[in-house]
Structure formats: structure tokens, C-alpha cells
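Hello,

Here is the structure I promised to pass on to you. Please open it beside this email, and then read on for what was found in it.

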Amino acid sequence: MGNISLVVSNRKKHKNESRILLAFHMANIPPSVKLVFTGDPDESLEDEIERKNLQDRVIFKGRVGNSELASLYKESLFLLFPSLYEGFGLPVIEAMSSGTAVITSSTTSLPEVAGDAAILVDPENTEEIALAIATFITIQI
């Protein structure tokens, strides 16, 4: 698939998808970089994608099985997981075990799960998330 950043999510508000889209839109990165979400879009995300003119850069994979998810982790430049709260944050562990870089929240359980192996961002600071995205893209492309 190439230059993708992965969002493992489920359309719940605490997954912070609106800020993810805005940060991706704001990040100064090449248009060849795609944002790939697991699951199917909902109407509000589709509307946001259209308003930000990101139709060619955002992909929804639908429901993915374990082997496809493992492949997505390995193909991705990084996992983008700035959730507002998590009980554990399994996608962070899965990405790291695949050798995939991680951008995640500096709140709740996520810093403990990620340790010093991820870039930690304030999940409510869209500019900080955008800067982390741009930093990873600059390093890896």
C-alpha cells in the first residue's frame, strides 16, 4: 500500500477521530501519504473528509481480520492513536510488536503502555498531533 498512517478505531467519540482528521489535514506532508482507518466511515466523518477535501487521502478498510490488521501495521509508517481515554490501548502494543512507530496520547494508560517507545501528544492539541505526524513523515520518507 505504501505511504500510509494507520488509525485503528471504531467511530467512538473518545477515539478522537475528528482531531485526527484535522491534524492530518494541517500536517505539512506530501499528498502521497494516506490515512487508513479500520472500520467503516460514519456520516459525520464522511462530511469532515469532504469539507477538508481529503477524499483521495483517507481510506476506510472496513472490518479487518487479525492477519489483515497485522499486515496493515507492518505496511504503515506509523500508528496514529491519540485517544482521549483508553483502558489499555492494545493497538499501541500491536503496532510496537510489528516494529511500527507510534504516535499516541500522553494521557490515561497510554504513556505507561507505550513507555519511551512512542511520540506522546496531548490528544486535545491538534497542532501537537499535526507536528508529530509531520515529524514522522519527514523522518521516514
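**Helices that pack together**

The axes of helix α1 (residues 17-26) and helix α2 (residues 43-51) come within 11 Å and cross at roughly 15 degrees. Axes here are lines fitted to C-alpha atoms, for helices over the stretch in contact, with angles running from 0 to 180 degrees between N-to-C directions. That makes α1 roughly parallel to α2 (angles under 35 degrees count as roughly parallel, over 145 as roughly antiparallel, 65 to 115 as roughly perpendicular and the rest as oblique). Helices (H or I, at least four residues) are DSSP runs, numbered from the N terminus.

Before going further, please note that this is a predicted model: local features need pLDDT of at least 70, side-chain atom pairs count only at pLDDT 80 or more, and totals for chains, interfaces and linings use all residues. Residues are numbered from 1 along each chain as its sequence is written, and side-chain values use heavy atoms, with hydrogens and water left out.

Which residues make the contact between α1 and α2? On α1 they are E17, S18 and L21, and on α2 they are L45, E48 and I49 (contact means heavy atoms within 4.5 Å). By class, this contact has three nonpolar, one polar and two charged residues (Ala, Val, Leu, Ile, Met, Phe, Trp, Tyr, Cys and Pro count as nonpolar, Asp, Glu, Lys and Arg as charged, and the others, Gly among them, as polar).

Helix α1 also packs against helix α6 (residues 126-140), at an angle of about 55 degrees and with the axes 8 Å apart. That makes α1 oblique to α6. Here R19, L22, A23, F24 and M26 in α1 meet T126, E127, I129, A130 and I133 in α6. The contact of α1 with α6 has seven nonpolar, one polar and two charged residues.

**Spaces in the structure**

The largest pocket holds about 170 Å³ of space (on a 1 Å grid over the protein atoms alone, a pocket is an open set of points with protein on both sides within 12 Å along at least five of seven lines, while a cavity is a set where a 1.4 Å probe fits but cannot get out; lining residues have an atom within 4 Å of a point). A volume is the space filled by probe spheres set on the points, and grid points are joined across faces, edges and corners. Among the residues lining this pocket are V8, R63, N66 and E94. Helices α3 (66-75) and α4 (90-97) each supply at least two residues of the lining.

The largest cavity has a volume of about 30 Å³, and F81 and P82 are among the residues that line it.

Best wishes
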